[in-house]
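Here are my notes on the model you sent over.

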Amino acid sequence: MNGTDLNKKALKLRKDIIEMVYRSGAGHVGGDLSVIDILTTLYYQIMNVAPDKKDDPGRDRFLLSKGHCADALYCVLGDKGYFNEEEAIETFSRFGSKYIGHPNTDVAGVEINSGSLGHGISVGVGMALAAKMDHRDYRIYVVCGDGEMEEGSNYEGMMAAGHYHLDNLCVTVDVNGLQISGATKDVMCSDDLAKKFEDFGFNVIEVTDGNDCGQLLAAYEAAKAYQGRPSAVIAHTIKGKGISFMENTASWHHGVMTKEQYRKAIKELEAVKI
C-alpha cells in the first residue's frame, strides 16, 4: 500500500472505532483516533505479520504499550482477519468478552497483556535481545503515548536498548499532547523527547504529521534500513483526529458519545475525501 491507500484504510478503521466505542459505551476514543494511522501504517505495510503467521517464530512483534487504546488495536486485528471484527465491535468491554479495555493474549494477534503504562519499551528490549541471541531477523515495534513517557521505567528500557545497539527495535511515541488530566506539558512535561531518545543512543525520526500515513511510511522505512542503533519515531498527532468536537480535547481521552454525537461523528468521517 502507498500513503494514499493507507490513509483510506485508516479512515475505514476510524469508522470502526466510532462504532465500537459507541456500542460499548466505553473506550479511549481520543487516543484511538490519534494512534490509528500509526497502527495502519505498521500493520498494512511495514510489519511482517499476518493471521497465518501469528505463531511463526520469524514474525515481527508489536507491543501496544499505551494499552488503553486496545479498541484501535482490536479494529486493526479484526480487519486483518485475526478474528471476527464484528464480534469484537459488538462485544467490546461487555461482561464475559475477551475484547476487554486493555490488550490481552486471549485475543489472537496480541503479543503481551498491556495497559500498566511504561512497560512496553522494556518488554520490547527483552524481545529484541532474544532475537539477537537467536540470530533471527524479526523486528519489534513498540507504540507508547506521550503521557506514558512520565513513567520512569521507559528510560531504563531506553538506556538498555541504546547500550545493546538494538537496531531491531523501533519505538514510536504518539505525541498528541493530552492525557486524562490535561495537557502533558502541564501534568508532567517530558519535552524534548527527541533529545531524550538521542541521549540514550537512538536514531530519532520526527514526523510532523503523525496522522498522515505517507509521512509515517517514510519514517518506518528509514528506521527499518538504519543499522547499529534502535530507532524512535516521534509522531506528532491530534487527539480525537477526524472528529471536530473531539479534536485536541482532553475530556475525550475517555468519553461516551450520545446518539447525536455518534451520528455527527459518522457523518464527518463519511464526508472525508481521500
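In what sense do strands β6 and β7 pair, and over how many bridges? Keep in mind as you look that this is a predicted model.

1. Start with that pair. β6 and β7 (residues 231-236) run in the parallel sense, and 5 bridges hold the pairing. β6 itself, residues 203-207, is mostly covered, with 4 of its 5 residues buried.

2. Next, β3 (residues 169-175). It is largely enclosed by the rest of the structure, because 7 of its 7 residues are buried. L169, V171, V173 and V175 point one way, while C170, T172 and D174 point the other way.

3. Strand β2 (residues 140-145) runs parallel to β3, joined by 6 bridges, and V143 has T172 as its bridge partner in β3. Between β2 and β3 the chain goes through helix α6 (residues 153-163), in a right-handed β-α-β crossover. β7 also runs parallel to β3, again with 6 bridges, and here T172 stands opposite V233.

4. Beyond its neighbours within four places in sequence, T172 is in contact with I38, V142, V143, C144, Y220, V233 and A235.

5. How many disulfides does a search of the whole structure find? The count is 0. For C144, the closest cysteine sulfur is that of C170, and at 11 Å it is too far for a bond. C213 is in no disulfide either, with its nearest cysteine sulfur, again in C170, 15 Å away. Both C144 and C213 are buried, each with a relative accessibility of 0%.

6. On to the nonpolar packing. The largest nonpolar core has 59 residues, and I18, L42, Y43 and F62 touch the most other members. Helix α2 (residues 29-46) gives the largest share of this core, 10 residues. Apart from it lies another core, of 27 residues, with A128, V173, A194 and V204 among them. As general background, nonpolar side chains tend to be buried together in soluble globular proteins.

7. Leaving aside its neighbours within four places in sequence, F62 is in contact with L39, L42, Y43, M47, L73, E111, Y141 and V143.

8. Last, helix α3 (residues 70-80). 9 of its 11 residues are buried, so the helix is mostly covered; D71, L73 and Y74 are among the buried ones. What do the buried residues of α3 pack against? Their neighbours are α1 (3-24), α2, β1 (61-64) and α4 (85-91). After α3 comes G81, with a positive phi near 100°.

Definitions and conventions
Residues are numbered from 1 along each chain as its sequence is written. This is a predicted model: local features need pLDDT of at least 70, side-chain atom pairs count only at pLDDT 80 or more; totals for chains, interfaces and linings use all residues. Side-chain values use heavy atoms; hydrogens and water are left out. A disulfide is a pair of cysteine sulfur atoms within 2.5 Å. Buried means under 20% relative accessible area, exposed over 50%, partly exposed in between (1.4 Å probe, protein chains only). Helices (H or I, at least four residues) and strands (E, at least two) are DSSP runs, numbered from the N terminus. Two strands pair if DSSP finds at least two bridges between them. Contact means heavy atoms within 4.5 Å. A nonpolar core is a set of buried Ala, Val, Leu, Ile, Met, Phe, Trp, Tyr and Cys residues joined through side-chain atoms within 4.5 Å. A crossover is right-handed if, with the strands pointing away from the viewer, the path from the first strand over the helix to the second runs clockwise.
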